[in-house]
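Here are some short notes for a colleague who has not seen this structure before. Please read them with the structure open.

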Amino acid sequence: MTYFPIIFVVSNSLKSGQNIFSSGVFSLFNQFDNQNYVTAWSGIRSPLVNTVIVAVMTIVIGVTAAALGAYAFSQLRFRGKELLFIAYVALLLVPSTLTLIPLFLTVQKLHLFNTWWALVLPYAASAQPLLVLIFRGFFDQIPRELLESARVDGCTERQVLGRIVAPLTRPVLLTGAVLVTINVWGDYLWPTIVIQNPQRTTISAGLQQFVFSFGLNLTGGGAVFAAFVIATVPAFVLVGFTMRYFVSGLTEGATKL
């Protein structure tokens with residue numbers, strides 16, 4: 001029963017719209033209509049590509065900023081570090097809905113509407129508290145003697161982070177990238193607020209537009225299910241191929257928390 005919803009969606013994605021409503025819920029794989037996927041791909045190709053672009057940009061900015069912040073909290077010494085870290089992580093307790101209005105006003109003031117920056121910058125910023133919390137726990141496990149020896153050899157802090165810390169922390173950095181991607185892939189509310197151009201919307205809002213394009217026409221049911229399959233396959237593939245690193249990054253980073 002766990003996999004029945006997936007089987008149900010895949011089965012209906014291969015049926016015509018009339019067949020979906022006439023064959024019944026438990027009538028599985030009684031028709032194979034590949035045209036549904038052609039129609040679905042033409043409808044959600046642009047939002048899917050946009051989502052990949054936004055996710056990559058968010059990963060580059062968000063994971064990099066979180067790694068720098070976590071390294072500072074873990075390895076550098078400065079006054080008020082622990083208090084600042086607690087205040088930073090306390091942002092996780094703030095519901096995202098409370099930040100919608102100030103974030104909307106900020107985007108409006110910066111004239112970022114209908115641009116990918118209206119998505120990338122908020123996504124990267126909202127990911128910081130959780131990523132810094134995870135990254136710091138991982139960075140704390142790196143032997144200080146290893147970093148000190150690199151500093152003695154003349155490495156700057158930037159070189160220590162790039163040449164020593166980053167190669168050792170690939171699992172947790174990949175974990176951060178997966179978390180950011182899942183957030184970007186599944187978010188529906190924020191893109192519908194700041195992106196009005198259909199050519200720049202992401203997959204969640206793009207799916208809604210694709211579904212609404214059929215109106216009350218029952219013949220588009222198979223294409224709608226096919227669009228759901230196409231939209232979810234990249235997320236399944238990403239999680240499937242990175243699960244080992246994802247779990248190790250979370251567990252190893254949590255041992256110091």
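In which helix does Arg136 lie?

1. Arg136 lies in helix 7. The model is a predicted one, and the points below should be read with that in mind.

2. Is Arg136 buried or exposed? Its relative accessible area is 10%. Because the cut-off for buried is under 20%, Arg136 counts as buried.

3. Setting aside neighbours within four places in sequence, Arg136 is in contact with Ala70, Phe73, Ser74, Lys81, Glu82 and Phe85. With one of these, Phe73, there is a polar approach: a polar atom of the Arg136 side chain lies 3.4 Å from the backbone oxygen of Phe73. Val172 is 36 residues away from Arg136 in sequence, and the two C-alpha atoms are 9.9 Å apart.

4. The largest pocket holds about 790 Å³ of space. It is lined by 25 residues, and those closest to its centre are Ser96, Thr99, Pro122, Ser126 and Ala127. Two or more lining residues come from each of helix 5 (100-109), helix 6 (117-126), helix 7 (128-139), helix 10 (170-186) and helix 11 (189-194).

5. What kinds of residue line the largest pocket? The lining has 18 nonpolar residues, six polar ones and one charged one.

6. Helix 6 gives the largest share of that lining, five residues. The buried residues in helix 6 are Ala118, Leu119, Val120, Pro122, Tyr123 and Ala124. Among the elements that cover these buried residues are helix 3 (35-75), helix 5, helix 7, helix 10 and helix 11.

Definitions and conventions. Residues are numbered from 1 along each chain as its sequence is written. This is a predicted model: local features need pLDDT of at least 70, side-chain atom pairs count only at pLDDT 80 or more; totals for chains, interfaces and linings use all residues. Side-chain values use heavy atoms; hydrogens and water are left out. On a 1 Å grid over the protein atoms alone, a cavity is a set of points where a 1.4 Å probe fits but cannot get out, and a pocket is an open set with protein on both sides within 12 Å along at least five of seven lines; lining residues have an atom within 4 Å of a point. Grid points are joined across faces, edges and corners, and a volume is the space filled by probe spheres set on the points. Helices (H or I, at least four residues) and strands (E, at least two) are DSSP runs, numbered from the N terminus. Ala, Val, Leu, Ile, Met, Phe, Trp, Tyr, Cys and Pro count as nonpolar, Asp, Glu, Lys and Arg as charged, and the others, Gly among them, as polar. Buried means under 20% relative accessible area, exposed over 50%, partly exposed in between (1.4 Å probe, protein chains only). Contact means heavy atoms within 4.5 Å. A polar contact is a pair of N or O atoms within 3.5 Å; within protein, one must be able to donate a hydrogen and the other to accept it, and residues adjacent in sequence count only if both atoms are side-chain atoms.
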